[in-house]
Amino acid sequence: MKVETLTTGDAGPIDFSSFVEHNADASEARIKRVALTSPEIFDMEMRYIFEGNWVYLCHESQIPEVGDFFTTTMGRQPVIIIRNKEGRVNGFLNACSHKGTTLCRTQTGNKAAGFACSYHDWCFDLDGNLEYMPRMDEGFPAGKNLANHNLTRIAKVETHGGFVFGSLNADVCTLKEHLGDITEIIDMLNDQCEEGFEVVRGTNSCVYHGNWKLLIENGGGDGLHLPSVHKTLIKVVQMREQELAKGTTKAAKMVRVDELNDKDTVGATYAMQNGHTLIQSDLPNPEDRPAYARHQVFVERHGEERARWMSSKLRQVAIYPNLFVMDQLASLIRYVRPIAADKTEVSYWCIAPKGEARELRVKRMRQFMDFFSIAGLGGPDDNHEFEQCQIGAHAAAAPWSDASFGLHTEFSGSDRRASEVGVHDAKFGGPVGWEGGSVRQYQNWVRLMEEGQKREMAMQR
Amino acid sequence: MSEKTELQIEVEQFIYREAAVVDQGRWQEWLEMYTEEMVYWAPSWVNENELTTDPETEVSIIYMNNRKELEHRIWRFTSGESPASYPLPRTNHMVSNVAITAVDGDEITVSSNWMSQTYRDKEQRIYGGYYTHTLIRQSGELKISRKVVVLLNDVVDGFVDVYHL
């Protein structure tokens with residue numbers, strides 16, 4: 001049997017289109033697992049996707065004041081996101097223009113007075129302009145233009161509804177075009193209160209030994225894994241309900257997940273523009289969610305259907321390639337940072353309406369920690385399955401993963417429910433459990449990888 | 001032996017027993033070392049040097065305020081049906097620097113340092129930090145009414161559960 005190998009150079013460009021097979025007539029789709037294991041492909045993903053296209057950076061509530069910064073990476077490149085004197089969000093490479101020394105060395109902090117590099121005291125203002133260095137007059141002839149010693153900006157930084165995105169490649173569409181109607185789902189968070197949403201204090205991060213795409217496809221369209229991977233969570237939800245009924249526990253009631261896969265539950269998965277996905281589903285006990293307390297206000301302001309989406313539905317968007325905005329069993333940002341082909345950092349940031357009533361916040365925190373904490377009753381099981389998929393992906397004699405479930409039920413475009421809340425630009429959809437979402441994610445991956453490869457080859461010529 | 005020394009030895013033996021009970025998987029016995037109204041709290045890091053201070057309104061790694069929750073957790077990770085916890089790792093908890101920091105009537109506050117060496121899937125993982133136990137006496141026996149676990153690792157390898165901490 002021929003074992004898949006990957007080489008560039010003499011062998012020519014990689015044919016990424018061969019990685020995804022989609023036969024609509026036969027309701028069959030499959031994905032080549034070497035995309036998960038190859039360090040060479042990982043390298044290309046960093047260049048073509050994470051350093052060549054829009055990626056999520058941080059939430060504006062993490063940098064509320066002038067000079068507040070947040071450090072992260074775009075692909076492998078360290079970056080700083082900082083609020084300037086005018087309150088605008090700026091982004092720079094976290095590398096001094098002199099020797100490349102990092103300027104900000106903590107996750108967050110404040111540099112209202114500007115950046116001073118601790119190595120040689122080169123100082124920059126909040127717009128990245130070189131302002132001062134020791135013995136500046138001696139080091140350079142009078143009148144020398146030092147503008148090329150300014151910090152290197154992230155080519156594009158734009159925000160929507162508090163979510164900050166950037167691209168190291170200037171030649172990309174606008175953020176609005178990139179997100180499409182996904183903005184409606186982000187707006188459904190901010191519309192829940194007058195002052196918008198914030199990230200709650202406290203980090204929750206882990207590294208799993210698996211490829212980043214395993215998490216993206218899991219949260220982007222895999223509604224099938226709930227009753228299997230999360231069967232102990234489902235049981236704990238039931239156990240807690242019994243104890244609550246007896247009055248023997250003080251924990252918050254959990255949002256049930258056991259019925260999400262029932263074919264009678266109203267819900268759907270949509271493959272959106274640019275590889276994003278959206279899952280929406282009714283929840284069995286929405287009245288136990290903190291957002292439900294304001295359901296009537298939502299109805300008055302936004303109408304019945306949108307209010308139902310805001311208070312009572314699971315809404316999960318995977319914004320390709322590195323962000324989940326989830327308002328479901330809990331409300332959170334799940335941020336995905338690839339480290340290597342077989343290593344991925346995941347951060348769970350709980351989000352909440354600013355100024356939320358204490359009793360609702362308490363409930364929200366418990367629901368977040370119950371499922372999504374790095375010690376939660378749900379998240380660890382998902383991450384462990386990704387690690388096991390990664391091991392199995394090395395079984396190269398079985399090179400394909402199947403993604404055919406529910407393909408025969410696929411529909412084109414948005415359905416009535418999505419259109420009613422302004423989500424018109426879905427490309428395809430299917431019931432919760434339909435695996436077409438991940439197939440479309442991979443088709444977008446093929447597009448980005450082919451575009452990136454072409455771009456790079458044109459530059460080399 | 002002075003009363004103070006006796007109490008120090010009793011508290012140390014109790015804290016060491018908890019470590020041994022977890023390492024040996026004597027889960028029922030572990031549960032019974034806690035009061036029914038117990039609090040178990042592992043706060044999250046806010047930044048490089050600051051922890052969250054309010055488990056009710058800020059993010060934690062674990063927060064339980066009733067023994068039933070610990071009981072459910074134990075059921076979950078011993079059921080064999082939670083992929084993350086099957087098979088359970090071998091664990092080795094080392095506890096030291098045990099110091100009684102306050103005695104207030106029946107309530108004894110104890111601080112200690114801990115480290116756990118865990119081994120599973122041919123891989124060793126090390127966790128460590130500080131414990132603060134609040135102990136009370138029920139029918140002559142010491143019980144844990146509150147345990148705060150500070151975990152120094154803030155980006156953890158894989159995940160953590162109570163048996164790592």
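## Strands across the chains

Start with Ser205(A): in this predicted model, that residue stands opposite Val155(B) in E7(B). The two belong to a pairing that crosses from one chain to the other, with E14(A) and strand E7 of chain B (residues 155-157) running in the parallel sense over 3 bridges.

## The rest of the contact

Zooming out, chain A puts 39 residues into the contact and chain B puts in 34 residues. On the side of chain A that touches chain B, the elements giving two or more residues include strand E14 (205-208) and strand E20 (343-353). Helices are on that list too: H8 (231-246), H11 (358-372) and H12 (379-393) of chain A. H8(A) gives the largest share, with 6 residues.

What is the make-up by class of the side of chain A that touches chain B? It has 16 nonpolar residues, along with 13 polar and 10 charged ones.

## A look at chain B

Chain B has 3 helices and 7 strands. Reading from the N terminus, its elements go α-α-β-β-α-β-β-β-β-β. The radius of gyration of chain B comes out at 16 Å, close to the 15 Å that the globule rule gives for 165 residues, so chain B is as compact as a globular protein of that length.

Along its principal axes, the C-alpha trace of chain B spans about 50 × 35 × 30 Å. Take the contacts in chain B between residues at least 6 apart in sequence: 52% of them join residues at least 24 apart.

Methods:
Residues numbered from 1 in each chain as written. Chains lettered and ligands numbered in written order. Predicted model: local features only at pLDDT ≥ 70, side-chain atom pairs only at ≥ 80, totals over all residues. Contact = placed C-beta atoms within 7 Å. Helix = DSSP H or I, 4+ residues; strand = E, 2+ residues; numbered from the N terminus. Nonpolar A, V, L, I, M, F, W, Y, C, P; charged D, E, K, R; others polar. Pairing = 2+ DSSP bridges. Rg over C-alpha atoms; globule rule 2.2 N^0.38 Å.
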